[in-house]
Each structure stands twice: as C-alpha cells, then as structure tokens.
Amino acid sequence: MENKECIFCKIARKEIKSEIVGESNSFIAFLDINPKAKGHTLIIPKNHYVTLLDIPDKLGNELLSFMKKISSELLEKKQGDGFNVIMNNLEPAGQLVKHAHIHIIPRKDRDNLRSIV
Ligand code: AMP
Ligand code: ZN
C-alpha cells in the first residue's frame, strides 16, 4: 500500500533522503526536517495510512513498542529529560502531511516550547 506522490512514502521507500533513526517491521523513525527541538523524531507506518484511524489494530503492539524504543533512546542520548508524543489527525488538527505520523518531541526544563494541552 503506497501513494506514489506521498513524501513520507518516498522516505519509507528510501527514495528521498532522511535521517533515519530506527526501523521496525512496519514502521520507520526519522528526524523531522524542521525540528521543534533537537532530536524531534517522526514515526510513520511504512504503508500509506492517512490518520490514526487507518492504522490496523494488529499493528498496535508493534507501534507501542517502537514508540517506547525511540522515546527511551532520546532520553538515553540526553536529548531530552522528558518528551511529548503528538499526532495531528486531519487538517483542522494541523495535519499537513497526509500520511499518518507521530511526533516524538524531546523536552527540557524551561525550553519555552508551548503545549496545546
Ligand atoms: P504535521 O503538521 O503533523 O503534518 O507535521 C508534518 C511534519 O513533517 C512537520 O513537522 C515537518 O517539518 C515534517 N516534514 C515534512 N517534510 C519532511 C521531510 N521531507 N523530512 C522530514 N520531516 C518532514
Ligand atoms: Zn504515504
């Protein structure tokens, strides 16, 4: 399942360059090109699913484990002392790239990043 024009499909197929920081069977993690903080990472399914609602339930365990692996590595590398997990779903929520992705954003005390919750 892929979308020829989708930039994140191209990253998953390694047709365009990205800073890949991890990979599992069905997911890939790479650095955000316009990071909100050093180490800002995106996790995407290799298949072209548009939002959270399209990701099959059977990938749930793999996704959770992969998110935990990437997040704990950011803490171990001291890129943050905490982290936010954010997913924008559909345009009103700020989803610009129409291929599901989860932001993992390292946080530090007084880093002056705002949060919507
Ligand atoms: P969103 O608003 O949740 O759709 O965020 C899309 C994110 O994808 C933004 O943080 C962008 O900086 C990031 N992004 C877009 N194109 C690329 C790319 N080629 N490589 C890495 N990150 C990208
Ligand atoms: Zn795609």
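The largest pocket of this predicted model holds about 920 Å³ of space. A pocket here is an open set of points on a 1 Å grid over the protein atoms alone, where a 1.4 Å probe fits, with protein on both sides within 12 Å along at least five of seven lines. Its volume is the space filled by probe spheres set on the points, which are joined across faces, edges and corners.

The lining of the largest pocket consists of 31 residues, a lining residue being one with an atom within 4 Å of a point. Nearest the centre of the pocket lie Asp32, Lys36, His40, Asn88 and His103. At least two lining residues come from each of α1 (7-12), β2 (27-31), β4 (82-86) and β5 (102-107); helices (H or I, at least four residues) and strands (E, at least two) are DSSP runs, numbered from the N terminus. By type, the lining has 16 nonpolar, nine polar and six charged residues. Ala, Val, Leu, Ile, Met, Phe, Trp, Tyr, Cys and Pro count as nonpolar, Asp, Glu, Lys and Arg as charged, and the others, Gly among them, as polar.

Strand β4 also contains Phe83. Phe83 is partly exposed because its relative accessible area is 36%, between the limits for buried (under 20%) and exposed (over 50%), with a 1.4 Å probe and protein chains only.

Met1 sits in the segment before α1 and counts as exposed, because its relative accessibility is 64%. Met1 and Leu96 are 95 residues apart in sequence and 20 Å apart in space, C-alpha to C-alpha.

Residues are numbered from 1 along each chain as its sequence is written, and chains are lettered from A and ligands numbered from 1 in the order in which they are written. In this predicted model, local features need pLDDT of at least 70, side-chain atom pairs count only at pLDDT 80 or more, and totals for chains, interfaces and linings use all residues, while side-chain values use heavy atoms, leaving out hydrogens and water.
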